[in-house]
Amino acid sequence: MPTNEKWDVYLKEYAAPQGRAPAFRTETMGCQMNERDSETIAGLLEEMGYVPAASRQEAAVIVVNTCSVREIADPRVFGILGQIKKVKEAHPALVTAVCGCMMQQQHVVDAVKSKYPWVDIIFGTHNIHMLPELLRNVVLEKHKATDVWDDGGEIVEGLPARRTFAFKAYINVMYGCDNYCSYCIVPYTRGRERSRATGEILREARALADSGAKEVMLLGQNVNSYRGAEDAQTAGFVDFPALLYRLAAVPGLERIRFMTSHPKDLSDRLIAAFRDCKKLCKVIHLPVQSGSSRTLARMNRRYTKEHYIALIEKLRDASPGIAVTTDIITGFPGETGADFEETLDLAEKIRFDSAFTFLYSARKGTPAAQFGDQVPEEEKHRRFNLLVERLNGITAEKNNAYLGRTERVLAEGRGKTGRDTLAGRTDSGKLVNFIGPLSLTGQMVDVRITGAKTFSLYGEIAARP
Ligand code: 5AD
Ligand code: SF4
């Protein structure tokens with residue numbers, strides 16, 4: 001019997017006693033790229049006939065999507081696999097799959113295979129589209145599968161997606177990274193840089209807008225390197241600023257955001273787009289990593305503290321009030337007390353709207369893991385705490401400046417601060433809580449800001465749509 005028919009038989013046989021189709025669950029760690037990948041995984045599973053599961057106990061398949069940027073081997077993943085073992089003891093037919101960045105590292109795959117033998121499928125970031133085939137093999141033929149591709153090759157277009165929200169969506173514009181910052185695992189786990197064809201991105205954006213999306217977040221490790229073919233057939237190339245203007249012309253889309261941009265090649269044209277492209281949200285996430293030019297050189301970042309400061313000045317000239325957010329690592333190998341002071345000084349000079357702070361942690365296979373002069377843990381933490389305290393103070397001051405203003409907010413649903421509150425984001429990406437009916441979810445609402453905390457703003461509806 002052909003596989004398709006066998007699969008239909010499986011679905012029918014499953015549904016008969018259960019009274020419903022087999023259910024799936026995705027559990028996602030890490031960044032927006034992983035969240036977007038999980039939407040594709042969910043879309044593929046739905047296409048196979050699965051329905052979303054309300055709990056692990058209900059699931060016929062669980063897919064754990066892992067991250068390796070923040071932890072060498074994220075202990076949460078192993079905790080989850082331990083819990084899934086118990087679920088599987090009660091439901092032996094449960095299929096467990098593990099994917100994502102951690103699985104692009106051979107030593108992690110080896111560890112999962114030897115210590116977690118109840119895992120049925122291991123796949124990587126480059127072969128998500130293979131999941132249906134791997135899953136059919138496990139369910140129908142009881143073949144466990146490990147299938148991780150070393151590199152991405154051609155981008156696979158046209159995969160389905162189960163979108164988390166109707167009114168806002170992620171769109172991948174490029175995959176991978178060629179920058180090889182000396183601490184970072186991404187070039188090894190996400191592969192070489194590949195841009196999606198502009199036509200494909202526009203098609204996706206139009207379809208999203210048609211189904212109610214007002215805001216899109218464009219995803220890429222370094223969007224400045226975007227170089228998209230007009231469409232799969234033609235030769236001309238479109239760069240990132242040009243892509244932004246084309247997306248701005250898509251009817252229905254009101255806001256365009258993007259992540260992430262690398263300071264070494266943030267172009268004047270992209271800076272000008274913050275002035276000229278009305279739909280481009282006035283916020284930039286520009287990871288600086290360190291304020292010391294010496295450390296930046298050892299990180300292989302290819303810019304200096306002065307260059308970064310000059311970029312922010314240009315951005316603020318082009319778009320006064322633009323929010324600037326960043327990532328900073330403390331305790332990079334060889335970072336001296338003086339280097340750290342430079343980072344504190346940079347934070348004072350730039351006054352970031354918010355910053356993600358990371359304790360340096362060595363990634364196997366990256367150059368910095370081999371550097372001899374690792375900073376002692378205690379000192380790393382001391383610097384981290386000092387920096388976070390200062391950055392939080394600045395964030396609170398920045399938020400205070402919003403008091404009394406009326407901001408346009410895209411309401412995203414119930415907030416966490418009370419039964420009647422809605423949460424949403426300003427154009428500049430600030431989280432705002434305000435009292436309002438759930439029916440405003442997905443609408444642009446004018447909110448007068450009446451309160452400011454370190455991580456959020458409070459307000460009252462000034463005008464409804
Ligand atoms: N150690 C600590 N932080 C890291 N990041 C990436 N790799 C490491 C590492 N090995 C941080 C960087 C990056 C963010 C996503 O994660 O700041 O911008
Ligand atoms: Fe990692 Fe650097 Fe690429 Fe960012 S630019 S993903 S930090 S290698």
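Reader: Which residues surround ligand 2?
Author: Happy to start there, with a reminder that this is a predicted model: local features need pLDDT of at least 70, side-chain atom pairs count only at pLDDT 80 or more, and totals for chains, interfaces and linings use all residues. Residues are numbered from 1 along each chain as its sequence is written, chains are lettered from A and ligands numbered from 1 in the order in which they are written, and side-chain values use heavy atoms, without hydrogens and water. A residue is near a molecule or strand if one of its heavy atoms lies within 4 Å of it. The residues surrounding ligand 2 are Cys177, Asn179, Tyr180, Cys181, Tyr183, Cys184, Val186, Pro187, Gln221, His262 and Arg301.

Reader: How many residues around ligand 2 are nonpolar?
Author: Ala, Val, Leu, Ile, Met, Phe, Trp, Tyr, Cys and Pro count as nonpolar, Asp, Glu, Lys and Arg as charged, and the others, Gly among them, as polar. The shell around ligand 2 has three polar residues and one charged residue, and its nonpolar residues number seven.

Reader: And ligand 1: how many charged residues does its shell hold?
Author: Ligand 1 is surrounded by Val69, Tyr183, Gln289, Asp327, Ile329, Phe358, Leu359, Tyr360, Ser361 and Arg363. Six residues of this shell are nonpolar and two polar, and the charged ones number two.

Reader: Which residue has a backbone N or O atom 2.8 Å from a nitrogen atom of ligand 1?
Author: A polar contact is a pair of N or O atoms within 3.5 Å; within protein, one must be able to donate a hydrogen and the other to accept it, and residues adjacent in sequence count only if both atoms are side-chain atoms. Side chains come 2.7 Å from a ligand 1 oxygen atom at Gln289 and 2.6 Å from an oxygen atom of ligand 1 at Asp327. The backbone atom you ask about belongs to Ser361.

Reader: Which elements give two or more residues to the shell around ligand 1?
Author: Helices (H or I, at least four residues) and strands (E, at least two) are DSSP runs, numbered from the N terminus. The elements in question are β15 (323–330) and β16 (354–359).

Reader: Why do β14 and β16 each have one side without a neighbour in the sheet?
Author: Two strands pair if DSSP finds at least two bridges between them. The open sheet runs β14-β15-β16 with parallel pairing. Because β14 (283–285) and β16 stand at the edges, what each has is a single partner strand.

Reader: What is the bridge partner of Ile284 in β15?
Author: β14 and β15 pair in the parallel sense over three bridges. In β15, the partner of Ile284 is Val324.

Reader: What angle does the direction of helix α13 make with that of β16?
Author: Axes are lines fitted to C-alpha atoms, for helices over the stretch in contact (heavy atoms within 4.5 Å), and angles run from 0 to 180 degrees between N-to-C directions. Helix α13 (residues 377–400) packs on the sheet, touching β15 and β16, and its direction makes with that of β16 an angle of about 175°.
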